[in-house]
Amino acid sequence: LSTFQWPNPLLSYADNQLYESDLDSFVAGCPGRDNTTVSAQWLRIAYHDMSTHDVDSGTGGLDASIMYELDRPQNVGEGMVQSLQDFNGFGLTTPFFGMADVIALGAVFAVVGCGGPVVPYSAGRVDATVAGPATVPEPQQDLASHIESFRQQGFNETEMIALVACGHTLGGVRQVDFPLIVTDTSIDVDTFDTTTAFDSTIVSQYLQNTTQDVLVVGPNVTTQSDLRIFSSDGNVTMQSLLSVETFSDTCAALFQRMLNTVPSTVNLTDPITDPFQYVINDPLLSYQNGTFTMLTALRVVNPSASATVTMLWADQQGASFCPSTGCSVQSSGSQPVFFTIVGVAQGFTASRYFFNAKINATSSISKFWFEINNNDGSDPVIVDNGGSGFVPSLSSFVDVTRSEQVFSETSVFFKVVMAVSGDAASATASMTGFEALSTATAPPFTPTTTSMTLELDDTNPPEGGFTFFTANVSTSVTFLDITVNVGSTTFTIDNFNLRTASDFFASVT
Ligand code: HEM
């Protein structure tokens, strides 16, 4: 299992979405929709979005530009707007994880949902703000054009054949959108093969001449693009894909490249091939009466049933409140982690152990770490972030005990309270709120950011060297970037996950 070095907001969010999000619920078990499958729709949109890539100039690729390209004939189809609506509805984007990362994640789930391979996932795509070039291949184009399109997208002829076969194992062609291809008006969606599953039936039925793929055997010769592509090397590639295992492995490798086709200026994370062995929840803090409360949790993959987990911490340098082995607290409880279909397909289980540490504010805390004792005579396992420990930031933080979710007669909002160390006579504080969910009725679905000013909080007077600032924030805000200037010192909190933190806010009316 891979190790995770905290903090790394993008990587931990990517792991969290891949293994713990709800996005997979739409494709688990390969459910049908609109006479095709949700998976088919999610896979096709990923390919079409990526199709704007140009290897020669290093531009385009999987960048969510599809949101601005839906008026083109190449992008017709029931599934396009529908898929984007699905993605927007989950509200998964963050300031560092855009719609393009969600589209790629959707494709990973889509394939697994229909029984296909797990495609290693990377995050870090950058969303385009305008349309890309109109370079999605169309069925009426000739073989030479298709070869050139795929070359521009970064795939050679053999890879082109396999990629089309891997894509067209799902879904089919919709009569109303392609009436010249599906001429029988009694058919709604003419599926490419006889199974909804992600399997090599598309290949075997083609080689046995029993295929129903209308892009192979349709009445219109001009639009038999799958036939031209599949047969372009004398069926050599299609023969090689007949083996279920080769099909699965080839599709996984090609889809990984497809999803990672991005502008050359974009850097993606290393691929996530399994859940990180240990990940923590970002510590949440509060200060009151000389004590910090710190809430965190440790996710442990494939834990022993008898395991007990302890959190330990060391004093700030020079202080000697904690024993030399560290102050410690047992986990306050644990919960099984419900992995997505990706984690389930890989056979992983996990538990999350929760901690509520009371830390003496005078001696404070320099770092914390964990000890997992399997209680079977084996040595305890130390989880210390690769030796450095986990170092919380105590000079400024959102105080989760003082923050509130306020229910008034007319509205619901968060009262966010921030603790800043120092005297705030000359302080100014501002923040940017990020709303993932777009309220637009049609694409593009883009996030909203709002600038806000924090005020000195009258109801939380200065205490223990901290000054408290506050602002009322809409409950649709999911992330915050906060900046406070106290004299010449600037405190910043970037990418604060308000959605998870607000679970710990008190409800007040
Ligand atoms: C020359 C290349 C290609 C051509 C001409 C082509 C053409 C088409 C057409 C006309 C449809 C019907 C769409 C609809 O009615 O909504 C379709 C569906 C589909 N294509 Fe392709 N395609 C190509 C390559 C690919 C590739 C490389 C992939 C994925 C890796 C892919 C994935 C899909 C999927 C999953 C569907 C089913 C969509 C659904 O059922 O809603 N295609 N393709």
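**Entry 1, ground rules.** I count residues from 1 along each chain as its sequence is written, and side-chain values use heavy atoms, with hydrogens and water left out. As the model is predicted, local features need pLDDT of at least 70 and side-chain atom pairs count only at pLDDT 80 or more, while totals for chains, interfaces and linings use all residues.

I looked up the pLDDT (the predictor's confidence in each residue, from 0 to 100). The protein chain averages 97, and 100% of the residues score at least 70. The model has an ipTM of 0.99 and a pTM of 0.98.

Which protein atom is a donor to the iron of the ligand? I found a single one, NE2 of His168, at 2.1 Å. Donors here are N, O and S atoms within 2.8 Å of the metal (3.2 Å for Na, K and Ca); water is not among the atoms, so sites may look incomplete. His168 is in the loop between helix H6 (157-167) and strand S3 (172-174). Helices (H or I, at least four residues) and strands (E, at least two) are DSSP runs, numbered from the N terminus.

I took pairs of N or O atoms within 3.5 Å. A side-chain N or O atom of Thr36 is 2.7 Å from a ligand oxygen. A polar backbone atom of Arg174 lies 2.8 Å from an oxygen atom of the ligand. For His168, a polar side-chain atom is 2.9 Å from a ligand nitrogen.

I listed 27 residues around the ligand, of which Thr36, His168, Gly171, Gly172 and Arg174 come nearest; the cut-off is a heavy atom within 4 Å. Which element gives the largest share of this shell? It is H2, with 4 residues. By class I get 15 nonpolar, 9 polar and 3 charged residues. Nonpolar means Ala, Val, Leu, Ile, Met, Phe, Trp, Tyr, Cys and Pro, charged means Asp, Glu, Lys and Arg, and the others, Gly among them, are polar.

Most residues other than glycine have a negative phi, and most peptide bonds are trans. I noted a cis bond between Trp6 and Pro7, with omega about -5 degrees; Pro7 is in the segment before helix H1 (9-20). Another cis bond joins Pro443 and Pro444, with omega about 5 degrees, and Pro444 is in the loop between strands S17 (428-435) and S18 (448-456). Cys30 is not a glycine, yet its phi is positive, about 55 degrees. I placed Cys30 in the loop between H1 and strand S1 (32-33).

Methods:
Polar contact = N/O pair within 3.5 Å; in protein donor to acceptor, adjacent residues only side chain to side chain.
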